[in-house]
Amino acid sequence: MIKNIIFDFGEVLVNWDPRRLYVPYFGDAAKADWFLNEICPYEWNAQCDSGRLLAEVAQERVDLFPEWEKEIRMYFDRWIEMIGGEIPGSADVVREFKERGYGIYGITNWSAETFPLVRHRFPVFDLMDGMIVSGEDHVLKPNPEIYNLLLSRYGLKAEECVFIDDNPRNAEGAEAVGIRGLVFKNAAQMRADLNRIISET
């Protein structure tokens with residue numbers, strides 16, 4: 001029986017997109033995409049999600065690409081401009097299942113330095129009974145350790161949990177430790193999938 005629902009944060013509950021900062025800055029979507037693929041790629045940012053300091057990670061990149069120093073430092077100095085609003089309808093789904101008595105938890109790959117900037121900006125985070133922020137615990141999805149950490153910290157049983165993430169690899173990571181995994185597409189699909197799984201168990 002499913003008793004707990006675990007949500008990813010970025011692109012499931014709230015929008016985060018570096019293009020929000022760099023497309024207006026460059027005035028050219030193609031140039032912004034090139035910069036975010038070649039100079040400041042997602043894999044580079046993920047080092048911060050694993051617990052490394054923003055300043056340290058930025059300096060290493062500046063040392064590698066000194067001609068892009070201004071733009072590299074913008075990534076963290078103006079990071080908040082990458083945040084959009086809530087993903088439409090997702091907070092309503094979280095609220096609905098909490099009111100129905102399900103435990104509500106979160107697992108996110110997010111820097112310990114930037115997550116506090118949004119923690120109290122979005123009320124949906126206040127609905128959480130507990131959460132794991134990768135940058136605080138120095139472990140990233142889809143490493144099994146991060147899912148097991150949530151289970152042990154909050155006394156949950158894997159077979160009583162379902163995890164929702166927009167990245168299929170992260171949903172598969174949850175499945176690997178016995179948590180049911182769902183891939184997020186939109187809030188309506190998420191609600192339907194949750195109701196289907198609950199009815200099956």
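Which residues form one aromatic cluster? In this predicted model, the cluster is made up of Tyr22, Tyr25, Phe26, Trp34, Phe35, Trp44, Trp68, Tyr75 and Phe76.

**Aromatic pairs**

- The structure has 20 aromatic pairs.
- Trp44 and Phe76 form a tilted pair, because their ring planes stand at 35°, and the ring centres are 5.2 Å apart.
- This pair links distant parts of the chain, with Trp44 in helix 3 and Phe76 in helix 5 (residues 69-77), 32 residues apart.
- Trp44 and Phe76 are both buried.
- Tyr105 and Tyr154 also make a tilted aromatic pair, with 5.4 Å from centre to centre and 45° between the planes.
- Tyr105 belongs to strand 4 (residues 103-108) and Tyr154 to helix 8 (residues 144-154), so their pair ties together parts 49 residues apart in sequence.
- Tyr105 has a relative accessible area of 9% and is therefore buried, whereas Tyr154, at 29% relative accessibility, counts as partly exposed.

**Largest pocket**

- The volume of the largest pocket is about 470 Å³.
- Its lining consists of 24 residues, and those nearest the centre are Gly10, Trp16, Tyr42, Asp49 and Asn109.
- Helix 3 (42-49) and helix 9 (168-176) each supply at least two residues of this lining.
- Helix 3 gives the most to the lining, with 5 residues.
- Sorted by class, the lining holds 9 nonpolar, 8 polar and 7 charged residues.

Technical notes:
Residues numbered from 1 in each chain as written. Predicted model: local features only at pLDDT ≥ 70, side-chain atom pairs only at ≥ 80, totals over all residues. Heavy atoms only, no water. 1 Å grid on protein atoms, 1.4 Å probe; cavity = no way out; pocket = protein on both sides within 12 Å on 5 of 7 lines; lining within 4 Å. Points joined across faces, edges and corners; volume = space filled by probe spheres on them. Helix = DSSP H or I, 4+ residues; strand = E, 2+ residues; numbered from the N terminus. Nonpolar A, V, L, I, M, F, W, Y, C, P; charged D, E, K, R; others polar. Phe/Tyr/Trp six-rings, centres within 6.5 Å; stacked < 30°, edge-to-face > 60°. Buried < 20%, exposed > 50% of the residue type's maximum accessible area, 1.4 Å probe, protein only.
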